[in-house]
Amino acid sequence: MSTNPYAVPPHEQPSAPEPYLQPRQSGRAVPRVISALGGVLLTPVALGLVIYGGSRLQRTYAQAYTVGEDPLGLTLLIVGGLLLLGVALLGVLSGLGPVLGGLLWGVIPGLTTLLGGTSVMSTLYDVGGRELGVGLVTWLVMGALFGSGFLLVGAGLVGTLTRRGSNRV
């Protein structure tokens, strides 16, 4: 027995309050899969459109000093840019899509070109055809594909870090 006059007998102690029910966390699997598939499948299409449209515009400009003569090249360039923007916006769902797309279709080909030299470039000419091959090699040599890959990786990381930061508020 306790000497404390204010002690409550054990059978009369109030029960501990029930813990607050935690809100049900939705699974992140579906957004990750959608983002990953979008990043892996849309990135090469977007880059191909940008590269091909830019190559057409470059050829037209070299011949006539104007880009207004090739509306198809201009349209392909704009549509490809919008698709790249869409890939970057997939970072809202999950950062996995832009990171995968940037690594697979930008950073790794850029590193391969830097390390592989002329053998890689001759293979790109053979595989890509005349216009796409010239545009792709130009993008690789100038570092534009490498830079685009890093920008997509950055967009994916920002999406992930922003989502994690909003949970801590």
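Colleague: Let's start with Ser-94: buried or exposed, and why?

Modeller: Ser-94 counts as buried, because its relative accessibility is 5%. Keep in mind that this is a predicted model.

Colleague: Where does Ser-94 lie?

Modeller: Ser-94 is in the loop between helix 2 and helix 3.

Colleague: And which residues is Ser-94 in contact with, leaving aside neighbours within four places in sequence?

Modeller: On that basis, Ser-94 is in contact with Arg-28, Pro-31, Arg-32, Ser-35 and Arg-163.

Colleague: Let me step back. How many helices and strands does the protein chain have?

Modeller: There are five helices and zero strands. Read from the N terminus, the elements go α-α-α-α-α.

Colleague: What share of the protein chain is buried?

Modeller: Buried residues account for 30% of the 169 residues. The accessible surface is about 11,300 Å², and carbon and sulfur atoms hold 68% of that surface.

Colleague: What about contacts between residues at least 6 apart in sequence: what percentage join residues at least 24 apart?

Modeller: For the protein chain, that figure is 75%.

Colleague: Now helix 2. How many residues, and what does helix 2 reach from first C-alpha to last?

Modeller: Helix 2 covers residues 71–89, which is 19 residues. The C-alpha span is 27 Å, close to the 27 Å expected at 1.5 Å a residue.

Colleague: Which residues of helix 2 are buried?

Modeller: Gly-73, Leu-76, Gly-80, Leu-84 and Val-87 are buried there. They sit on the same side of helix 2, because they cover an arc of only 75° around the axis.

Colleague: Why do residues three or four places apart in an α-helix point the same way?

Modeller: An α-helix has 3.6 residues a turn, so residues with that spacing point the same way.

Colleague: What does the face turned away from the buried side of helix 2 carry?

Modeller: That face carries exposed residues: Pro-71, Leu-82 and Leu-89.

Colleague: Pick out Gly-73. Why does Gly-73 count as buried?

Modeller: Gly-73 counts as buried because its relative accessibility is 0%. This glycine lies in helix 2.

Colleague: What does Gly-73 touch, not counting residues up to four places away in sequence?

Modeller: Gly-53, Arg-56 and Leu-57 are what Gly-73 touches. Val-50 is 23 residues from Gly-73 in sequence, with 8.7 Å between the two C-alpha atoms.

Colleague: Arg-56 again. Which residue forms a salt bridge with Arg-56?

Modeller: Asp-70 does, with the closest N and O atoms 3.0 Å apart. The pair links distant parts of the chain, 14 residues apart: Arg-56 is in helix 1 (29–64), and Asp-70 is in the loop between helix 1 and helix 2.

Colleague: Asp-70 and Arg-56: buried or exposed?

Modeller: Asp-70 and Arg-56 are both buried.

Colleague: How many salt bridges does the count come to?

Modeller: The count comes to one salt bridge.

Colleague: Change of topic: Thr-113. Where is its place?

Modeller: Thr-113 belongs to helix 3, residues 96–116. Thr-113 is buried, with a relative accessible area of 6%.

Colleague: What lies 2.9 Å from a polar atom of the Thr-113 side chain?

Modeller: The backbone oxygen of Pro-109 lies at that distance.

Colleague: And which residues is Thr-113 in contact with, leaving aside neighbours within four places in sequence?

Modeller: Those are Val-120, Met-121 and Leu-140.

Conventions:
Residues are numbered from 1 along each chain as its sequence is written. This is a predicted model: local features need pLDDT of at least 70, side-chain atom pairs count only at pLDDT 80 or more; totals for chains, interfaces and linings use all residues. Side-chain values use heavy atoms; hydrogens and water are left out. Helices (H or I, at least four residues) and strands (E, at least two) are DSSP runs, numbered from the N terminus. Buried means under 20% relative accessible area, exposed over 50%, partly exposed in between (1.4 Å probe, protein chains only). A polar contact is a pair of N or O atoms within 3.5 Å; within protein, one must be able to donate a hydrogen and the other to accept it, and residues adjacent in sequence count only if both atoms are side-chain atoms. Contact means heavy atoms within 4.5 Å. Accessible areas come from the Shrake-Rupley method with a 1.4 Å probe; for residues, only the protein chains shown count as cover. The expected span of a helix is 1.5 Å times one less than its number of residues. The arc is that of the directions from the helix axis to the C-beta atoms. A salt bridge is a side-chain nitrogen of Lys or Arg within 4 Å of a carboxyl oxygen of Asp or Glu.
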